[in-house]
Amino acid sequence: MTRGRAGPAYAGRVMKIAPASRRALALVWPPAEAARPLFSQAPRRWQRWSPYVVVGCFVLALLPVTITVLANDYRLGGGWAGALGVAQTVPLLLAVTRPMVAWVIVFGFDVLGAFLLYGADTAGRPWPWTPTVIVGYVVLMACLGLRATTRTLVAVWLTTGAASLALGIFPPSGSTSTYVLLFVLTGVMLAFAGAVRSREEAERALAEQETISEGERARRTLLEERARIARELHDVVAHHMSVITVQADSAPYRLTGLDEAARGEFESIASSARESLSEMRRLLAVLRSDGSAEEGGERTPQPGVDRLQQLVEATVRAGLPARLSLAADLPALPPAVDLSAYRIVQEALANVVRHAPGAATRISVTCDDRHLTVIVVNGPAAGRTSPLEVSGTGHGLVGMRERVRLTGGSLDTGPLPDGGFRVAARLPLDSPPPLNSPPKEAS
C-alpha cells in the first residue's frame, strides 16, 4: 500500500520537474526558427553578414592573444594555455545565432580558467578574469543583450556576479582583483544592448500596428463609400418601385375586360411593391445610422450628366481652369450610370483641387451604343502639392472604383509622364453583373 501511494506522488514530481527541464533546455538551446542570426532582417546583404564579420574578427584577434597571455604572463602550460584559449574564444562564433549556448560554454571555461590560474603566476596580474576574458565576455554580452529577454539578461548578470564574488573571496596572493570590473562592465553592456533591443521591438510592433491600422482604415473607407452610394441609389430604386405601384393600382381602371384573377394579380403586385418600399425605407434608416441626414432622406433629386456643366462652372469659379467636352447626342442613360458618371467627375475634380491646385483640367463625356466613357485629365500642378493616394486609401478613388463596380464597368487611373493624372471610366449601358464581381481596372 505504501509503494502504491508513493508511486503517484513520485510520478507527480516527475511531471512537475519535466516542464521545468524542458523550459531550461529551450532557453539554452532554442528551436531552429527562434535561432535567427543577428540583423537577419536587415535590408542589405552586407548588414546581414556584419555580425559574423565583427565576431569573427574578435575571435581571430583574441585567440592568439589569449594563448600568449596565458603561456607567457601566467606561466600556464602550453597545452592548457592552447586548450583554454580555444575554449574561451572560439565559442563566441555561436553568439550570432545562439547566444545562450555560447554564454554557457564561454562562462563555464572562464570559471575553469580561473581555477587553473589559481596555481599559476598571478603576482601583480588580473584574477580571476584575465583582460582577454573580459573583452570576450563583453562582446558576448552585446550579442546576448540584442537577442534575449530582460529576465534572461538579469539572470545572466546575477550569475556572473555570484561567480565573481565566490571566486573573489579567496584570491591568490599578490593578484589584482577584476571580479568587480567584469560585473560592472557586464551590467552596462547588457543594459545598453537590452535597451536597443527593446526599442527595435517597439518600433517593429508600431510598424505592424500601423499596417493593421492602414488596413482597417481602408476597409472602413470602403464600407463608408458603399453605404453612401447605396443611400444615393435608394432614390433611384424608390422611384422605379413607386412607378410599379402606381401602374399596378391603376391598371384595373385603365384596362377594360379584366377578370377577377387579373385584378387580383395587379393588387398583389401593388401590395408587394408597397412592402418593398417599406423595407427599403428601413434599409435606408440603417445606412443612415450616423444620423447626419434627415429621417425622410434627401429632398433634392440625384444629379446626373445633365448637371456636369454646372459642376464644371462652379469648379472654374473656385480657381481651377477646367473645360468640359460633352457629347450632344447622349441617349437616356440608366439612373445608376447617370449618377455614377456625375460622381466620378465630381470626385476627380475634387482630387485635382486637393492634390494639383491650378492644374488645367479636361473633362470628356462620350457615348456609343454600349458604353458611356468619362475621361478626366489634369496637367501638372502650378506649385508644390501633396502626392495623390493611388493605393486605394483615399475616399475619391475608392468611390470611383465602387461606382464602376456597381455598373460593371472598367476604371483606368494613373499618373501621366508630364506630372498630371488621368481618370478614365467606361460604364456599360446595359444591365450590370452581380455585385460580388470585381471591377475591371487597367491600372
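1. Buried means under 20% relative accessible area, exposed means over 50%, and partly exposed lies in between (1.4 Å probe, protein chains only). At 60% relative accessibility, Arg75 therefore counts as exposed. Arg75 sits in the loop between α2 (45-73) and α3 (78-89). Its phi is near 60°, a positive value in a residue other than glycine. Most residues other than glycine have a negative phi.

2. A word on the source. This is a predicted model, in which local features need pLDDT of at least 70, side-chain atom pairs count only at pLDDT 80 or more, and totals for chains, interfaces and linings use all residues. Residues are numbered from 1 along each chain as its sequence is written, and side-chain values use heavy atoms, with hydrogens and water left out.

3. Next, a helix pair. Helix α4 (residues 99-117) packs with helix α5 (residues 131-145) at about 160°, their axes 10 Å apart. Helices are DSSP runs of H or I with at least four residues, strands runs of E with at least two, numbered from the N terminus. Axes are lines fitted to C-alpha atoms over the stretch in contact, and angles run from 0 to 180 degrees between N-to-C directions. α4 and α5 are therefore roughly antiparallel (over 145 degrees).

4. Which residues of α4 meet α5? Pro99, Met100, Ala102, Trp103, Val106, Phe107 and Asp110 do, against Val133, Tyr137, Leu140, Met141, Cys143 and Leu144 in α5. Contact means heavy atoms within 4.5 Å.

5. Check the Trp127 to Pro128 peptide bond: it is cis, with omega near 5°. Pro128 lies in the loop between β1 (126-127) and α5. Most peptide bonds are trans.

Methods: Angles under 35 degrees count as roughly parallel, over 145 as roughly antiparallel, 65 to 115 as roughly perpendicular and the rest as oblique.
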